[in-house]
Amino acid sequence: AVQEREQTIYDLKETISRFEEREKEILGERNRYLTAEEMTREQLACEQKNTEKKVSSIESMHKLEMEKTCSALQSARKKLDESENLINERNSLLEEMINH
């Protein structure tokens, strides 16, 4: 009876040892999954930052192009106005010459 009891205790210790080993394996797997998940989160955050930088860069370039276009249009408008003034002056001079 004592030997059976000692065998049962030994078997229980072995079973507990196997359960503890399996628990360590499961915790290791869990930590690997959590690490992978965290890395994925960090990667997504990094990609989002890069995308935001690209969008900001594109917006800046677009704003600069719009400013250049507006400036060119203003310059063209000014030249048109100057040309119109010159034409009006020339027409006035021609009229004066015709009338005198």
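1. Glu29 is partly exposed, with a relative accessible area of 33%; the term covers what falls between buried (under 20% relative accessible area) and exposed (over 50%), using a 1.4 Å probe and protein chains only. The side chain of Glu29 meets that of Arg22 in a salt bridge, at 3.9 Å from N to O. Here a salt bridge is a side-chain nitrogen of Lys or Arg within 4 Å of a carboxyl oxygen of Asp or Glu. Arg22 is partly exposed too, at 40%, and a network of salt bridges links Arg22, Glu25 and Glu29.

2. Before going on, a word on the source: this is a predicted model, where local features need pLDDT of at least 70, side-chain atom pairs count only at pLDDT 80 or more, and totals for chains, interfaces and linings use all residues. Residues are numbered from 1 along each chain as its sequence is written, and side-chain values use heavy atoms, leaving out hydrogens and water.

3. The structure holds 6 salt bridges. Among them, Glu37 pairs with Arg41 at 2.8 Å, N to O; both lie in helix H1, 4 residues apart, about one turn. Helices are DSSP runs (H or I, at least four residues), numbered from the N terminus.

4. Asp81 and Arg77 form another salt bridge, with the closest N and O atoms 3.0 Å apart. These two are also 4 residues apart in helix H1, so about one helical turn separates them.

5. Glu65 lies in helix H1, which spans residues 2–99. From Glu65 to Gln7 there are 58 residues in sequence and 86 Å in space, C-alpha to C-alpha.
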